[in-house]
Each structure stands twice: as C-alpha cells, then as structure tokens.
Amino acid sequence: MQLIANIIVLAAIYALLACGYVLIYRVSRVMNMAHGELSVLGAYLLFATASLFANHPLTAIGVSAVLSIAVGVLVYVLLMRKMTGEMVLAAILTTIAIGILLRGLIVLIWSAAQQHPLEALHLSNPPIEIVAGARISTCAALIVLMTALVYGGLFTFLRFGRWGVRMRAAGQNPLLASQRGINLHAIYALAWALSTFTGSIAGMLIALDSGLDQTMAVIGLKAFAPALVGGLDSLAGALAGAFIVAGAEVLAIHYINPLLSDVVPFLVIIATLIVRPWGLFGTREELDRV
Amino acid sequence: MSRVPGASGYFRTSYAQDLALLRTGFERACLAAFIVALAAFPFVASPFQLDLACQVFLASVGSLSLMLLTGYAGQISLGHAGLIAAGAFTVGVLFREMNAQFWVTLPAAAFVGAALGIIFGLPSLRLRGLYLAVSTLALHFVVIYAGGEYESRRGFSTGIVIDPPSLGGVSISSGRAWYLILLIAAAAALLICRNLLRARTGRAWRAISAHETVAGALGIAVARYKLLAFVISSAITAVAGALFAYYRGFVSVEAFSLFLTVQYLAMVIVGGMGSLLGAILGATFITIFPYVIEGALLALPGAQSLAGLLFAVNYAAFGLVMIFFLVLEPLGLVGIWRRVQSYFLLWPYARRSPTGGRR
C-alpha cells in the first residue's frame with residue numbers, strides 16, 4: 001500500500017511539473033530546460049513572501065503565484081521572444097542559460113543554505129493515514145489534490161476557453177493562426193505564464209513538504225521524462241507518462257537500488273525514444289522524418 | 001601562391017590553393033610568430049598562468065570535437081560531459097585494475113569513446129533536433145551512473161587517484177611538461193579537425209547539416225557520415241577526458257555534471273558556430289572567464305565578505321554571457337572578429353559592416 005501511495009505522490013509531482021514542458025512545447029516547439037529552476041524560483045518567492053505575510057499562508061501563496069506568472073511573462077518577453085524561429089539548439093541553449101542565471105541569482109539572493117518555508121509560514125505538516133498501512137504527509141496530499149485541480153483546469157481551459165482554443169490553434173499551425181488574427185506573441189507569453197505558474201505551484205508544495213535549496217531543480221529536469229513518454233504535445237500523455245515514470249522509479253528504488261532514482265527517468269526516456277519516439281499520445285509528424 | 005600580374009589582392013587560381021592550409025605568406029608569418037609565442041610562454045609565465053594555459057588547451061580539444069559534431073555536422077549533443085567522463089573513467093579503471101601505462105590507456109580511451117559514439121549516434125539516424133538532444137542527455141546520465149556505480153562498488157567513493165604518467169622512467173608532473181604535452185594534443189586535435197573538414201568527410205558533414213534530404217540525393221551516405229561524425233567527435237572527446245584525468249591526477253563523477261556539457265556548448269556558441277577558430281576562442285574565453293570574474297570581485301571594496309558568493313556570481317555571470325551571445329551576437333567572437341576585419345579591409349568604402357556568412 002505504501003508503495004502505491006508513494007507512486008501516486010511522485011506521479012502527481014511529475015505530472016504537475018511535466019505539464020509546464022507540454023504547454024510550452026505544444027505552443028512554441030521549444031523545450032524549456034529552465035523549467036526546474038523556474039519552479040525553484042517560485043518556491044523561493046514563497047519563502048520571500050512568507051516573511052511578509054507570516055500569518056496569512058494563503059495570501060503568501062497567492063502573491064508568490066502571481067509573481068511567478070510575472071516571471072514567466074518576463075522571461076518570454078525579454079528573452080525567448082527573440083528566439084522564436086531560431087535554431088532548435090539556440091533556443092534550448094537560451095533556456096539552459098536562463099536556468100544557470102536563475103540558479104546563480106537564487107544563491108546570491110537567498111544563499112545556498114537549506115530553507116524551510118513551512119516554518120516561516122507557521123504551518124505544520126502532519127502525516128495522514130489514507131488507508132490502512134499507507135501514510136503520506138499533508139503537503140503530499142495537497143500536491144495530489146493540486147495536480148488534479150490543475151489538470152482539470154487546463155483541460156477545461158484548452159477545450160472551452162477562448163484563449164485555450166487560440167493556444168491550440170497557434171500550436172497546430174502558427175501561420176494560419178496568425179492569419180486569423182491571433183496574436184502569437186500573446187499566446188506564447190500566455191503559455192510561458194501558465195507553465196511557470198504550474199511549475200511554481202509544484203515547487204512551492206515540494207518546498208513546503210521537504211524544505212528548499214537550489215539542488216531541487218534536478219527534479220524539474222527529471223520531470224521532462226514523463227512529458228516525453230506521454231508525447232511532448234499531449235497533456236493527457238503527460239499524466240500517463242507521470243504514472244509510468246513514477247512507478248518505474250519507485251519500484252526501482254524499492255527493489256533494485258536507491259541510487260537508481262536519478263537514472264530511471266532517463267532510462268525510460270531512452271526506451272521511449274527507441275520504441276516510440278513521439279511518445280504515447282504525441283503527434284507523429286513532430287519527428288520531421290525524411 | 002600565384003600573383004596574377006596587375007591584380008590587386010589575392011586570388012586563388014587552382015584547387016590546390018583552395019585546399020591549402022596556409023594560403024599566403026602573411027598567414028605563414030603569423031603562424032610562425034604564434035608558434036614562437038606559444039613556445040616562449042612557459043619560460044615567462046607564472047605557475048598559475050601555466051595552469052590556466054593547460055586548462056585552455058584541454059578545453060580546446062573538447063570544444064574542437066564538439067564543434068566538429070555540432071558546428072559542422074549539425075548534430076546536437078547534450079552528452080559531451082558524459083563522453084569526457086567516459087574517457088577519464090577509462091583511464092581511471094585501467095590504471096586501478098591493471099596498472100596500465102598511458103600509451104595503453106589513451107588509445108583505450110579513444111576506443112571507448114568511439115564505441116560510445118556509435119551508441120550516442122544511433123538515435124541520430126531516427127531522431128532530429130530536440131529529440132536527439134534529449135537522447136544524448138539521457139545517455140549522459142547513464143554514463144555518469146555507471147561511473148558512480150564503479151566508484152562505490154570498488155570503494156573509491158571520493159574518487160579515483162591516478163599517478164602522473166611516466167615517459168622513459170621520468171614522471172611527468174611539472175607544469176612545463178604538461179604545457180608541452182597538452183599544447184601538442186590541442187594542435188593535433190586542430191590539425192585532425194582541419195584535415196577532416198577540408199576533405200570529403202567535412203564536405204559531406206556540411207551538406208548533411210545544410211539539408212539532409214538534398215545531401216542524400218547528392219549521393220552522400222547520410223547515415224554513415226552522421227555516425228562517423230559521432231564516432232570521431234566522441235573519440236577525440238574521450239581522449240580529452242583521459243588527458244584531463246592525468247592532468248588532474250584524480251577522477252570523480254562530480255566533475256562531470258551537466259554543467260560541464262553546458263560549458264562546452266557555451267564555448268561553441270561564444271566562439272561562433274561553424275568555425276574551428278571559434279572553438280579555440282570560445283574555449284579560451286570560457287576557461288579564463290571565471291578567473292576574471294574572481295579577480296574583478298576581489299578587487300571590489302569589502303572583498304572578503306564577497307568571497308563566499310563567488311560561486312553564485314560566477315554562475316549568474318556565465319548565464320548572462322551565454323544569453324548575451326545567443327540573443328545579441330549569434331555568430332560569436334568569430335563574428336565580431338570578422339566584422340572588425342572586414343571593416344579595416346574595406347575601410348574607406350563600406351561604413352556599414354557587411355553581414356558575414358556563417359562559415
């Protein structure tokens with residue numbers, strides 16, 4: 001039972017982070033290697049606002065979420081806007097550079113020591129027993145709940161929302177979309193904002209659960225695996241991929257070797273790329289084969 | 001060197017001239033001066049400067065091989081650190097297990113690199129762009145994991161110590177000896193790359209990079225040349241890793257993080273895509289950059305309190321430089337150099353700098 005609970009929690013974390021990759025990739029065909037750092041930045045923003053609104057945890061979370069959206073838009077407007085239509089390598093490298101810059105800035109501002117936003121907010125994180133023999137922390141339960149909410153929200157937004165439909169259109173065919181009067185730059189900025197927002201929520205909740213330092217960005221990189229397994233342009237795929245990767249990782253840690261935890265997602269990536277490079281639910285034409 | 005009577009300037013009149021490594025007397029003179037300067041350097045430099053030069057040479061070997069793969073053959077790789085690690089670990093393992101000498105370990109490292117190059121390159125037959133980048137990234141983590149496993153299984157949890165190599169009973173440990181060896185290695189790497197690029201292989205790579213379908217239609221064996229690019233580049237990279245292991249005298253997986261890959265990619269970008277000169281300029285820039293930052297930071301008032309932040313400042317500055325070159329100066333240092341060059345060449349006439357070609 002405990003294993004299943006662990007898988008579900010890890011899958012929720014992965015899913016919440018992976019949807020950020022999918023959102024950006026689907027709209028603008030860019031792989032955002034700074035996603036991990038952006039989510040960590042969200043967590044640090046929470047830590048910063050926690051000291052301002054120590055007695056109002058919800059206000060602190062809300063303010064930092066809004067700030068993280070602003071960060072996402074800024075990253076797009078200031079940097080990534082110039083990279084639209086450039087080579088794949090250049091775009092990837094720019095996001096890597098953004099990640100490195102953010103990492104340096106985070107250490108400069110908040111130091112490399114481990115921080116505990118949970119204590120700064122005067123909250124506690126008691127374990128709860130869901131069913132007999134399986135207990136998870138309150139924050140982990142919150143992560144699962146939040147992931148469900150975010151995915152529900154995104155599905156509705158992309159299917160029924162006016163801007164959601166525009167986002168899908170821009171992703172399918174940017175040229176036609178812009179011909180129909182869709183402001184592509186606004187759409188891309190929106191994708192970056194949504195992606196940073198969901199990533200930051202994930203970062204905040206992980207930080208509340210298990211403390212915060214800048215090495216947390218690694219999990220952001222690992223979360224690329226579920227996005228790829230499910231197909232880079234499919235949200236449902238990201239959800240399915242999250243379960244596959246989390247299942248493989250938890251089982252490998254439990255039955256084989258705890259050191260494998262950092263490698264399993266990448267092994268899954270290799271397996272996917274060999275067998276089905278476009279992922280479970282991805283569009284096949286993405287691959288640009290000759 | 002044929003000077004057409006009455007012509008002003010330098011014109012190539014045969015294919016042999018087009019292929020020649022050095023085209024004019026001026027270039028030869030420059031090269032000779034450069035070699036003299038390089039040879040004189042160890043006799044005037046301090047040990048610290050000597051170490052810096054050695055690092056630049058090591059980085060040059062690595063960045064040249066990456067330039068071959070990414071800048072010319074157009075294959076994206078995020079697994080460069082994994083290949084360097086593979087070379088370094090080959091040395092470490094062979095030295096520890098069999099007490100092998102460097103004339104065994106260096107070819108072995110090249111061989112391991114070539115074998116890994118096939119593995120790293122296989123996805124490129126099916127995948128392109130982002131997917132290829134991700135597959136090499138994944139392989140990087142697998143190589144690092146294998147290295148880490150070896151360390152912990154054999155009880156070298158902090159790293160493998162390697163004795164300095166010995167040549168004819170004399171162990172090579174002085175800075176000057178290393179300077180000479182690494183200079184030769186870097187020069188050899190440059191010569192190999194240069195020769196590959198001016199021959200059939202290099203032309204095939206450029207064609208593939210420009211347009212794969214057209215390259216195939218021209219009769220180039222696309223799959224074979226892609227794999228060849230990975231194999232050659234990986235072999236050179238692994239040798240760079242092996243030299244790195246000997247130079248440091250120590251191998252540990254911590255040294256081969258993803259950040260190392262990013263540094264090498266930054267060398268290629270900062271130097272300028274598709275230019276061997278760029279690879280060397282980039283390697284020099286990225287290697288010396290952290291020391292410049294350190295010097296600048298320590299020169300500020302209240303330097304002692306800033307010393308702890310050095311790492312973070314370096315990181316942030318590195319990110320900024322990369323963003324600067326990617327967004328504002330995509331042709332890199334070579335692009336700047338060419339602009340300056342053409343400004344002086346065309347001086348009174350062209351006020352606006354003509355946009356130089358990518359290669």
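Predicted model: local features only at pLDDT ≥ 70, side-chain atom pairs only at ≥ 80, totals over all residues.
Helix α1 of chain A covers residues 2–28. With 27 residues at 1.5 Å a residue, this helix should span 39 Å, and the distance of 39 Å between its end C-alpha atoms therefore agrees with expectation. Of the 27 residues of α1(A), 24 are buried, so the helix is largely enclosed by the rest of the structure. Just after α1(A), R29(A) adopts a positive phi of about 60°.

The largest nonpolar core contains 213 residues. Its largest share, 20 residues, is contributed by α1(A). Within this core, the residues that touch the most other members are Y14(A), A15(A) and A18(A). For A18(A), the contacts that remain once neighbours within four places in sequence are left aside are A223(A), P226(A), A227(A), A238(A), G241(A) and A242(A).

The contact between chain A and chain B involves 32 residues from chain A and 36 residues from chain B. On the side of chain A that touches chain B, two or more residues are given by each of α3 (57–83), α4 (88–110) and α13 (264–275) of chain A. Of the elements on this side, α4(A) gives the most, with 16 residues. Sorted by class, the side of chain A that touches chain B comprises 26 nonpolar, 2 polar and 4 charged residues.

Chain B is assigned two domains, domain 1 (1–44) and domain 2 (45–345). Their centres, taken over C-alpha atoms, are separated by 28 Å. The contact between them takes 6 residues from domain 1 of chain B and 8 residues from domain 2 of chain B. On the side of domain 1 that touches domain 2, the largest share, 4 residues, comes from helix α2 of chain B (residues 25–44). The residues on that side of domain 1 are 6 nonpolar, with no polar and no charged residues.

A further helix of chain B, α10, runs over residues 222–248. From its first C-alpha to its last, this helix of 27 residues reaches 39 Å, close to the 39 Å expected at 1.5 Å a residue. Helix α10(B) is mostly covered, with 20 of its 27 residues buried. G249(B) follows α10(B) and has a positive phi, near 70°.

Technical notes. Residues numbered from 1 in each chain as written. Chains lettered and ligands numbered in written order. Expected span 1.5 Å × (residues − 1). Buried ≥ 20, exposed ≤ 12 C-beta atoms within 10 Å, placed from the backbone. Contact = placed C-beta atoms within 7 Å. Nonpolar A, V, L, I, M, F, W, Y, C, P; charged D, E, K, R; others polar. Core = buried A, V, L, I, M, F, W, Y, C linked by C-beta atoms within 7 Å. Domains from an automatic or database assignment.
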